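Work through the exercises below with the model open. Try each task before reading its solution.

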Amino acid sequence: MAPPTTIGPTIAVTLPKSPTGIQGLDEITGGGFPQGRPTLVCGGAGSGKTLLATQFLVRGALDFDEAGVFMSFEEPLHDLAQNVASLGYDLPALIAGKKLAMDYVRVERSEIEETGDYDLEALFVRLAYAIDSVGAKRVVLDTLESLFGGLSNAGILRAELRRLFGWLKDRGVTAVITGERGGAGSLTRQGLDEYVSDCVILLDHRVHDQVSTRRLRIVKYRGTSHGTNEYPFLIDASGLSVLPVTSLSLDHAAPTERISSGIGRLDTMLGGKGYYLGSSVLVTGAAGTGKSSMAAHFVDAACRHGERCLFFAFEESPRQLLRNMRSIGIDLAASVGRDVLRFEAARPTLVGLEQHLSTLHRAVREFKPTVVVLDPITSLLSVGAGSEVEALLLRMVDFLKSQGITGFFTSLTQSGVSLEQSVVGISSLMDTWLLLRDLEANGERTRGLYVIKARGLAHSNQIREFVLTDHGVDLLDVSVSAAGVLTGTARAAREAHERAAVFARQHDVDRQQRELMRKRTVLAARMAALQADLEIMDEELRRLPEQERQREALLEDERDVIARSRLADAPGNGAGESPRGDRR
Amino acid sequence: MSAAAANDPGLSFPDEATWTLRLYVAGQTAKSIEAFANLRRICDQHLAGRYTIEVIDLLERPQLASGDQILAIPTLVRRLPPPIKKIIGTLSNTERVLVGLDLKSQPQ
């Protein structure tokens, strides 16, 4: 006997389990189906019962080295093999390798006449023969209820079915029995759940707004704790997978590294370096506000930085996106060429919500990106109801965070709907929320960028004008005036006005300067003239005594000459004075 | 009884055709023995001298069960003349066995 498997980390294994190898199912069952006991899988037509059963056998044979027996009551063997060949399951090879035995039991009422007492011993014989031929540990009976259509004696059938389940337990095989979903209140049409008491799994296939979602629920699982929710599951190219990600534990790593938003000034607004690595960023805005452009900027910067980016485009084809982004100067084609950027484009309504999640999971597993962009998440609303979309986004965000992937989501806000409503309640999941808003004034529409929140970042509270140019997004300072925030041409006009004012002031200063200079020149000239006068005066002052002396000397000489001519006394001082006095 | 029932031994088969019958059983159970006895009685009455019965015990040869799509025990299979017919049970109701083997047409 195989040791108890412990795939579910938190659920204690209380009884031996046979792992199904189906992604997610082992987690919610705490390790698989009860070993050595029958499990009933019921569901409506096309709900995936046969696939689940087949996968149980194939995975058992391939992954757990447990051979299996597939007893089909509905489909001939080659049909079955064909059906699962697309999933990569090669049933004939498994049969050839003695890993699988198959038996098709055809029950056709019109070919069978019943008379007298009988039992289904031949069925047991066939089953035992198949089990023994490969040493099977796993058995699938698909769908036992077909017997009720082929045989009329329900009393015998029920007794034999009860015996069959007992017999399967005695053989110690882990059996999966599929059953058609019955009417209201009953799990299976023929009440098979009466006989199988250990584990009952219900598959459901619901259509909401023309989009189908498959769900799985464990109705009962005796002796073990199990998830009781309805778990969405998928059938895709790799088979069936259950998504048990509703039990979210908040234990993500919180890296402190930063990643640039691709817009320099936005980085500055976000505390200088951009978003946190591994955080989730939401950009909301009305139509045509530049959400995708911001996403493209971010992706472009991230790719240049060596990150791997996965871009989910729900509204534009990759080619369209590339062209549109080239028009604003962002060339993403090079990154696509280097295989660091991959686009996943699909109409949201193409598949159900769960399929989107699965696509995301698979793409992330394959491409191993560090940045994932979803543009826009609001188009998912066309696929499911608000609460479902919210749950889906929660799981997407959670998944990305658990992988340390930076998530970038854009969301279209509807005009006339309040902001809080239009972001379908996911804003609380987001670490950074940027809002692009139309600013309408003076018959013009411009865009404003707000940082509504940025957890753990010292962010700017200012509104920036958001301008799309041919070289990408530009963030401009807005003009704040008494009339409010000015953007666009109003801002440009105001700026022109301000420039004119500056020019005028400059002109004025120049003029005043010239005037003063002129005055100064005049004054200086006057000062020069005065100075000249002064100098003349000084000169005169200096020369005056000298002149006087010379005149005195001249007069003296003259007196001498006169005295001599008058034959006056010998010249002397007294003589000299008197003539002078005479002259006066 | 209808008119068809009056000439039922002949029905659509020539008298000289040999009937090949197989009876599948699983061990010597009471039901198997009863079925075999009933079969012998019916054949002796209606197909005297132109039938063979092969009894296959699936406990010994389980691989033969899928060939004839045997599910219930006991099962009587008419191999010849074609088409193949199957009757399950202890063959206790002779009338139904005859109808099942086309030895007698369906009651109207």
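**Exercise 1. A residue in the core**

Leaving aside neighbours within four places in sequence, find which residues A:Ala136 is in contact with in this predicted model.

*Solution.* Step 1: set aside the neighbours within four places of A:Ala136 in sequence. Step 2: list the contacts of A:Ala136 that remain, which are A:Ala67, A:Gly68, A:Val69, A:Ala101, A:Ala130, A:Ile131 and A:Val173. The largest nonpolar core has 95 residues, and A:Ala136 is among the six that touch the most other members, with A:Val69, A:Leu100, A:Ala122, A:Val139 and A:Val140. Step 4: ask which element gives this core its largest share. Helix α5 (residues 121-134) of chain A does, with 8 residues. Step 5: look for a further core. A second one is separate, holds 62 residues and includes A:Ala301, A:Leu310, A:Val340 and A:Phe408.

**Exercise 2. A strand and its surroundings**

Decide whether strand β16 (residues 309-313) of chain A is enclosed or open, and find the strands it pairs with.

*Solution.* Step 1: count the buried residues, taking buried to mean 20 or more other C-beta atoms within 10 Å. In β16(A), 5 of the 5 residues qualify, so the strand is largely enclosed by the rest of the structure. Step 2: sort the side chains by direction. A:Cys309, A:Phe311 and A:Ala313 point one way, A:Leu310 and A:Phe312 the other, and all are buried. Step 3: take the first partner. β16(A) pairs with strand β17 (residues 341-345) of chain A in the parallel sense, over 5 bridges. Here A:Ala313 has A:Ala345 as its bridge partner. Step 4: take the other partner. Strand β18 (residues 371-375) of chain A also pairs with β16(A) in the parallel sense, over 5 bridges. A:Leu374 in β18(A) stands opposite A:Phe312.

**Exercise 3. Where the chains meet**

How many residues does each chain bring to the contact between A and B?

*Solution.* Step 1: count by chain. Chain B brings 28 residues and chain A brings 21. Step 2: assign elements on the side of chain B. Both β4 (85-88) and α3 (94-100) of chain B supply at least two residues there. α3(B) gives the most, with 4 residues. Step 3: classify that side. It divides into 16 nonpolar, 9 polar and 3 charged residues. Strand β6 (residues 112-114) of chain A runs parallel to β4(B), joined by 3 bridges. A:Ile112 has B:Lys86 as its bridge partner.

Notes:
Residues are numbered from 1 along each chain as its sequence is written. Chains are lettered from A and ligands numbered from 1 in the order in which they are written. This is a predicted model: local features need pLDDT of at least 70, side-chain atom pairs count only at pLDDT 80 or more; totals for chains, interfaces and linings use all residues. Two residues are in contact if their C-beta atoms, placed from the backbone, lie within 7 Å. Ala, Val, Leu, Ile, Met, Phe, Trp, Tyr, Cys and Pro count as nonpolar, Asp, Glu, Lys and Arg as charged, and the others, Gly among them, as polar. Two strands pair if DSSP finds at least two bridges between them. A nonpolar core is a set of buried Ala, Val, Leu, Ile, Met, Phe, Trp, Tyr and Cys residues joined through C-beta atoms within 7 Å. A residue is buried if 20 or more other C-beta atoms lie within 10 Å of its own, exposed if 12 or fewer, and partly exposed in between; C-beta atoms are placed from the backbone.
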